[in-house]
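Q: Got a model open here and want to go through a few spots in it. Can you take my questions as they come?

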Amino acid sequence: MFEGYIDKVQVVRLMEDYVPKDEKNEKAVGGKFFIPKYQRGYRWTSLQVEQLLDDINEFKAEDEDEFYCLQPLVVTAEKNEDRWVVVDGQQRLTTIFIIIKCLRSIADSQKKKPIYSIDYESKPELKECLSKLKHDPDEEDGIELDKSDIDKYHITNAYNTVAKWVKSKVSGAEEGDFASDLMTKIRNSVCFIWYEADNGQDPETTFTQINMGKIPLTNAELIKALLLKKDNFDRDEEFRGDQARISMDWDIKENNLHKRDFWLFLTNDKAEERDVRIEMVFDVMARDIIKTNGSEESFEVLCEKNPNTYLFLIFTEEINKMIAAEKKRSEALNEPYRYGTVLNEFWMRVNSFYQMFQDWYEEKEWYHLVGYWIAAHELESKKINVNELLYALSDVYQTKTKTEFTVRLKKQILKNLLGGKNGLDDATLEDLTYGTLKEEFSGLYYTGSTADVTKIKKILLLFNVITMQTNMEMDSKFPFHYYKTTVWNLEHIHAATTNVPLREVDKRSWRDAVYEFLGTVDYPLPDDLKKRLAEINDFKDNSEEFIQLYADVSKTFSGGELEEDVMRNGLPNLTLLDENTNKSYKNDIFPMKRNYIMDKMGKEVFIPICTKNVFLKYLLM
């Protein structure tokens, strides 16, 4: 955040002659803007201008309260001047000015007074360049490109882009009406997020902080400014106290969400790309606000309309409603209104969602069930919004008892795994029996198809998760942060006799590795098998001698034939293994695999508990 404080952060429309001293209409802004010399010049490309025009044109306002919201315009009121110093957002501000100028030219309404003016400290002549923008709508190319200056070139190019864009939408006779309607839409439905910084702080310092990434104007930062802006508070000491308290609690939550085991339990952000993580809490809370308020628009529609600011806009409306309700209550009780009451109530709601995630993480059964539910969805081919999953869980958690929440979650997991087959619609995980599983999964084999691989991985993941969750002798949890940052293969526990190496070099390598290993261990083998391993020298393609030797060795170390597909490629012969380990030993025999895995355990590789158990031959009671 800024080193000073935020005077205002609000959604505003553009209005003629609005100045910093105007107290009559806080929901509008206009007048004079000043671009300091430390900012770069105007550089928007035709593509950027076209994208903005398309977004505005496609936006459909259902009522007067709906608007298309531009990215934040960060300003500070200049001392002794009735103008705004633009700290950030001058590219958008200049583009909107150019769009309006072009639309007015097409609609033949140039006599109207400009909504605002822009002065550029580094190039005062740009103000005149902007004011003179005008063309004959009958001209195909708009105006002549001004190549005398890089800023003037981009300004005139942007202007021509608008003119060409209008021509691409309607025919010549309809251009005037189209331009007039679009100007009306801009005036009534296009808004800036107005981010008014402390005018006691040097604007250049604020600009540097923003552009160095110290103040990313994310949804979270806008929400922080919304909650803690100074003009909400009546007394400075109240503002300072609440600001310090909320800021400290905010940082604690953000720091906790940056702990890998907590974050990757809640999300599938395996690359850990999200920098401001409290936004995830706000996202789930915003979905709850939309549902509770019975909004006519779904959360997804609001998000699509304003993808970069949707959380701020939802929270702005909610805070304003809470302020109005608190003022009404205070007036009815003849008590002084305090914004701190609203702030505390709102922050308690934030804390309740955050604490819910913390409870899921700390309670062992919830940790494993919720963690599996999120991880399993990532295995499915369709794209899953984790925030949507978390909200669906939170909705059940907040409306049901803890026991009901657990039962509901288990039913969801079972239905997702089995598809509600075999009359198990009302069953939970505890209702599963060997007979049920055998019947359900008897026809499930590793075929290489995406659907089969996904289902088998989900089953094996659940087996590992529940094994750790139900083991009373273990205090540890299934490490989702390791699982989600690893690429997993389905590994055949016993090599199938059909997986014979094909290349001569691979055949020799397999024989040499097996022969060397058996010379280091005391493992009973038929004498003829030892002799055949030592003496074989036919490794050519389709060598019947090698094929038979491979089959006999595999059979010996697999405890018998694996001819039936259910044994060869079915669940009894499959386990999860990380890709690197799986590629390392290829077609090695079982005891060689076991030694390799034992050597990896506890070192650089995470080996799931059930994979350990099957290779170490643990007897699970």
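Q: Where does Lys123 sit?
A: Lys123 is in the loop between S6 and helix H3 (125–131). Helices (H or I, at least four residues) and strands (E, at least two) are DSSP runs, numbered from the N terminus. This is a predicted model, where local features need pLDDT of at least 70 and side-chain atom pairs count only at pLDDT 80 or more, while totals for chains, interfaces and linings use all residues. Residues are numbered from 1 along each chain as its sequence is written, and side-chain values use heavy atoms, with hydrogens and water left out.

Q: Is Lys123 buried or exposed?
A: Lys123 is buried, with a relative accessible area of 18%. Buried means under 20% relative accessible area, exposed over 50%, partly exposed in between (1.4 Å probe, protein chains only).

Q: What does Lys123 touch?
A: Asp149, Ile150 and Asp151, leaving aside residues up to four places away in sequence. Contact means heavy atoms within 4.5 Å.

Q: And strand S6, how many of its residues are buried?
A: In S6 (residues 116–120), 4 of the 5 residues are buried, so the strand is largely enclosed by the rest of the structure.

Q: Which strand pairs with S6, parallel or antiparallel?
A: Strand S3 (residues 31–35) pairs with S6 in the parallel sense, over 5 bridges. Two strands count as paired if DSSP finds at least two bridges between them. Phe34 stands opposite Asp119 of S6.

Q: Switching to the helices. Where is Arg287, and is it buried or exposed?
A: Arg287 lies in helix H10 and is buried, with a relative accessible area of 6%.

Q: What is around Arg287?
A: Arg287 touches Phe299, Glu300, Asn385, Asn387, Glu388 and Tyr391, not counting residues up to four places away in sequence.

Q: What happens at the start of H15?
A: A side-chain oxygen of Asn385 reaches to within 2.9 Å of the backbone nitrogen of Asn387 there.

Q: What do the buried residues of H15 pack against?
A: They pack against H9, H10, H13, helix H14 (364–379) and helix H16 (402–418). The buried residues of H15 include Leu389, Leu390 and Tyr391.

Q: Which residues have the most contacts inside the largest nonpolar core?
A: Phe315, Phe357 and Trp360, in a core of 101 residues. H13 gives the most to this core, with 12 residues. A nonpolar core is a set of buried Ala, Val, Leu, Ile, Met, Phe, Trp, Tyr and Cys residues joined through side-chain atoms within 4.5 Å. A second, separate core has 52 residues, among them Phe97 and Trp194.

Q: Last topic, backbone. What is the phi of Glu272?
A: Glu272 has a positive phi of about 50°, although it is not a glycine. Glu272 is in the loop between helix H9 (260–266) and helix H10 (278–292), and is partly exposed at 24% relative accessible area.

Q: And the phi of Asn334?
A: Near 55°, again a positive value in a residue other than glycine. Asn334 is in the loop between helix H12 (310–332) and helix H13 (339–362), and is exposed, with a relative accessible area of 72%.

Note on methods
Polar contact = N/O pair within 3.5 Å; in protein donor to acceptor, adjacent residues only side chain to side chain.
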